[in-house]
Amino acid sequence: MDTSPHAAPAAPVGHGLQTVVRHTYERTRADTSGALADYIPELARVDPDRFGIAAVSVEGEVVAVGDADVAFTIQSISKAFAFCLALEVAGRDKVLSRVGVEPSGDAFNAIVFDAKTNRPFNPMVNAGAITVSGMLVEHLGAEALEFVLDRFSAAAGRRLAVDEAVFRSEAETAHRNRGIAHLLTSTGALTAGVDATLDLYFRQCSILVTASDLARMGATLANIGENPLTGTTAFAVDAVRATLAVMFTCGMYNFAGNWAFDVGVPAKSGVGGGILGVVNRQLGIATYSPRLDGRGNSVRGIAAFRELAEELGLHVFDPTNRGSAMLSALGR
């Protein structure tokens with residue numbers, strides 16, 4: 001234990017989730033390092049000082065601190081939920097024939113495919129996510145966006161919508177993503193039309209959410225697909241398990257290994273400033289702070305998750321985290 005005069009005080013014990021989240025917010029809010037995402041012009045216009053944390057338990061407890069109800073675009077966090085839907089709509093075998101599940105170690109917008117299979121490495125980088133959007137278009141056609149919005153909204157517990165200004169900003173400047181889509185077509189990973197696929201991809205990334213919304217969506221994943229506040233099923237159980245696995249290994253881009261080491265929960269970040277974390281069968285946690293590090297992850301968001309994981313024993317391998325009760329139940 002660090003007993004130096006500069007050691008941070010321990011979080012108050014015995015006062016519940018609200019106290020721990022508030023304590024974490026106060027400890028991490030002073031960090032103003034990082035920069036806004038400027039390659040999408042609309043994202044460069046947001047207030048850089050916003051910061052919020054939200055948490056929702058599978059029992060229905062809701063905690064929101066700071067700017068947890070300020071809207072921002074979901075961006076790459078949508079990739080996790082879209083992958084979950086593609087597994088349900090297209091089936092596991094077809095999805096895995098088009099996109100892998102291995103960490104790439106590269107930046108989220110890298111134009112790199114698996115040399116052996118010509119597939120994108122995983123669905124959490126742009127190439128894989130575009131492939132996933134293509135499969136949704138292939139199976140659902142013009143109804144794909146409404147399907148995505150319906151399911152995302154069911155997980156959030158309220159009707160979500162696309163930020164049209166951000167969508168236009170992405171569509172007008174995404175030359176790299178257009179190049180990726182054409183390369184995916186050349187390898188056979190993408191069979192739907194490039195324009196229709198990218199339209200869905202840009203729109204899904206431009207869906208407006210708050211940290212509170214994301215925490216409810218995370219709690220829905222934690223609750224094996226059922227929104228714990230409304231009782232509505234948003235995602236299929238088998239698809240949730242696969243999605244959480246890929247979030248754990250690939251959700252934080254080329255920071256995934258450090259995240260697994262320090263925080264130890266499935267997560268997904270977005271350049272809009274959000275981070276979503278899921279503690280299986282327990283909790284959904286979300287942060288919003290738009291200043292990003294060089295990998296595209298929220299600086300204060302990472303700091304807050306590290307604090308919460310430590311204070312609450314959230315790491316999957318933490319000795320206080322007993323994990324699934326299934327084996328204990330079977331042994332009785």
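Is Tyr-201 buried or exposed? Select this residue to begin the tour of what is a predicted model. Tyr-201 has a relative accessible area of 3%, and because buried means under 20%, the residue counts as buried.

**First stop: the partner of Tyr-201**

Tyr-201 and Phe-202 form a tilted aromatic pair, with 5.9 Å from centre to centre and 55 degrees between the planes. Phe-202 is likewise buried, at 1% relative accessibility.

**Second stop: other aromatic rings**

The structure holds six aromatic pairs. For another of them, select Phe-81 and Phe-235, whose rings are stacked: the centres are 5.7 Å apart, and the planes make an angle of 25 degrees. Phe-81 belongs to helix α2, whereas Phe-235 is in the loop between α9 and α10 (237-250), so the pair ties together parts that are 154 residues apart in sequence. Phe-81 and Phe-235 are both buried.

Display helix α5 (residues 144-156) together with helix α9 (residues 211-222); their axes come within 7 Å and cross at roughly 90 degrees. That angle makes α5 roughly perpendicular to α9.

Which residues have the most contacts inside the largest nonpolar core? They are Phe-152, Ile-207, Leu-214, Met-217 and Phe-235, in a core of 74 residues. Highlight helix α2 (residues 77-90) as well, for it gives the most to this core, with ten residues.

Next, centre the view on Leu-214. Apart from neighbours within four places in sequence, Leu-214 is in contact with Phe-72, Ile-74, Ile-77, Val-209, Leu-276 and Ala-286.

Finally, move to a second, separate core, which has 25 residues. Among them are Leu-17, Val-21, Tyr-25 and Ile-53, and selecting these four shows part of that core.

Definitions and conventions: Residues are numbered from 1 along each chain as its sequence is written. This is a predicted model: local features need pLDDT of at least 70, side-chain atom pairs count only at pLDDT 80 or more; totals for chains, interfaces and linings use all residues. Side-chain values use heavy atoms; hydrogens and water are left out. Axes are lines fitted to C-alpha atoms, for helices over the stretch in contact, and angles run from 0 to 180 degrees between N-to-C directions. Helices (H or I, at least four residues) and strands (E, at least two) are DSSP runs, numbered from the N terminus. Angles under 35 degrees count as roughly parallel, over 145 as roughly antiparallel, 65 to 115 as roughly perpendicular and the rest as oblique. A nonpolar core is a set of buried Ala, Val, Leu, Ile, Met, Phe, Trp, Tyr and Cys residues joined through side-chain atoms within 4.5 Å. Buried means under 20% relative accessible area, exposed over 50%, partly exposed in between (1.4 Å probe, protein chains only). Contact means heavy atoms within 4.5 Å. Rings of Phe, Tyr and Trp (its six-membered ring) pair if their centres lie within 6.5 Å; planes under 30 degrees apart count as stacked, over 60 as edge-to-face and the rest as tilted.
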